[in-house]
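Welcome! Please take a moment to look over the sequence and turn the model around on your screen before you read on.

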Amino acid sequence: MSHQVPEDGTQLPLMEEFYTIQGEGYHTGKAAYFIRLGGCDVGCHWCDVKESWNAELHPLTSADQIVENAKRYPSKTVVITGGEPLIYNLDYLTRKLKEAGIKTFIETSGAYPLSGFWDWICLSPKKFKGPRPDVLNAAGELKIIVFNKSDFEWAEEHAKFVGDQCRLYLQPEWSKASEMTPLIIDYVKNNPKWEISLQTHKYLNIP
Ligand SMILES: C[S@@+](CC[C@H](N)C(=O)[O-])C[C@H]1O[C@@H](n2cnc3c(N)ncnc32)[C@H](O)[C@@H]1O
Ligand SMILES: Nc1nc2[nH]cc(C(=O)O)c2c(=O)[nH]1
Ligand code: SF4
Ligand SMILES: [Mg+2]
């Protein structure tokens, strides 16, 4: 999977970078620079970025260059996503971002060991390759994708393993949103420790 990617994290397969507004979860509505790394073997059949899966299609890019790019934007927050970013050692990239005064947020399935220095961890665990305990412990938010009714029970099972301060979100799978959103609304009204998260960038037609 991680072809010739050096283990020290100084070069990473970069799929795309874009300046946008965080569309999902706790930080919804905030401007951030998104860094999307290629490579994922979790295999969610409803994944909305399948083009990211094959790491070899995405050029190895120096982490220093990624930091220089991020520094150009007014928001001093980056979101590192993928693909599954924790496939790679993110210590070097996140250390350099923090040295540049940039806050580091991650979107992860938690299927790989935690690396990197983070201001916020959004954990979105998957049935297809479950989350690791180190990521469950460190998560600031748990964001469960609801594809069918059975996902509410699955969400509760995972909520047992996160910290007391961890925020809990239910987010409709995009292709099932018209069907699942009303169920999520009812669930949140009956179980108010959960909140609803929508992919607001898709409604706003922004990246
Ligand atoms: C594309 S993933 C990349 C990061 C990481 N692999 C993960 O799954 O958390 C980014 C976020 O989009 C969510 N997501 C992916 N496909 C989705 C879909 N079809 N509907 C709703 N959310 C989706 C994921 O659960 C995750 O929270
Ligand atoms: N605007 C916007 N917000 C996002 N939050 C998480 C995303 C992701 O793909 O990781 C994402 C994304 O792709 N776009
Ligand atoms: S873990 Fe994330 S990137 Fe990988 S298939 Fe699932 S949603 Fe897509
Ligand atoms: Mg996305």
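Which residues in helix α2 (residues 91–99) are buried? They are Tyr92, Leu93, Thr94 and Leu97. Keep in mind that you are looking at a predicted model.

- Nine strands form an open sheet with mixed pairing, and their order is β3-β1-β2-β4-β5-β6-β7-β8-β9.
- At the edges you will find β3 (60–62) and β9 (194–196), each of which pairs on one side only.
- On average, neighbouring strands of this sheet are turned by 30 degrees against each other, with direction ignored.

**The antiparallel strands**
- Strand β1 (residues 11–21) pairs with β3 in the antiparallel sense over three bridges, and here Gln11 stands opposite Ser62 in β3.
- β1 is also joined to strand β2 (residues 31–37) by seven bridges, and these two strands run antiparallel.
- To find this pairing on your screen, look for Tyr19, which stands opposite Tyr33 in β2.

**The parallel strands**
- Strand β4 (residues 77–82) pairs with strand β5 (residues 103–108) in the parallel sense, over four bridges.
- Ile80 stands opposite Ile106 in β5.
- Strand β6 (residues 120–123) is joined to β7 by two bridges in the parallel sense, and Cys122 stands opposite Glu141 in β7.
- β7 and β8 are also parallel, with six bridges between them; in β8, Leu170 is the bridge partner of Ile144.

**A closer look at β7**
- Is β7 mostly covered or uncovered? It is mostly covered, as six of its six residues are buried.
- In a regular strand, side chains alternate between the two faces of the sheet.
- In β7, Glu141, Lys143 and Ile145 point one way, while Leu142, Ile144 and Val146 point the other way.
- Both of these sets of residues are buried, including the charged-type names Glu141 and Lys143.

**Helices around the sheet**
- The buried residues of α2 pack against β1, α1 (63–71), β4 and β5.
- After α2 comes Gly101, which has a positive phi, near 80 degrees.
- Helix α5 (residues 177–190) lies across β7 (141–146), β8 (167–172) and β9, and runs at about 150 degrees to β8.

**Around ligand 1**
- How many residues surround ligand 1? There are 18, and the closest are Asp48, Glu107, Ser109, Ser124 and Trp174.
- Three strands, β4, β5 and β7, each supply at least two residues of this shell.
- The shell around ligand 1 divides into six nonpolar, seven polar and five charged residues.

**Around ligand 3**
- The residues around ligand 3 include Cys40, Cys44 and Cys47, together with Val42, Gly43, Val49 and Ser52.
- Also among them are Gly82, Gly83, Glu84, Ser109 and Lys126.
- By type, the shell around ligand 3 holds five nonpolar, five polar and two charged residues.

Technical notes
Residues are numbered from 1 along each chain as its sequence is written. Chains are lettered from A and ligands numbered from 1 in the order in which they are written. This is a predicted model: local features need pLDDT of at least 70, side-chain atom pairs count only at pLDDT 80 or more; totals for chains, interfaces and linings use all residues. Two strands pair if DSSP finds at least two bridges between them. Axes are lines fitted to C-alpha atoms, for helices over the stretch in contact, and angles run from 0 to 180 degrees between N-to-C directions. Two residues are in contact if their C-beta atoms, placed from the backbone, lie within 7 Å. A residue is near a molecule or strand if its C-beta atom, placed from the backbone, lies within 6 Å of it. A residue is buried if 20 or more other C-beta atoms lie within 10 Å of its own, exposed if 12 or fewer, and partly exposed in between; C-beta atoms are placed from the backbone.
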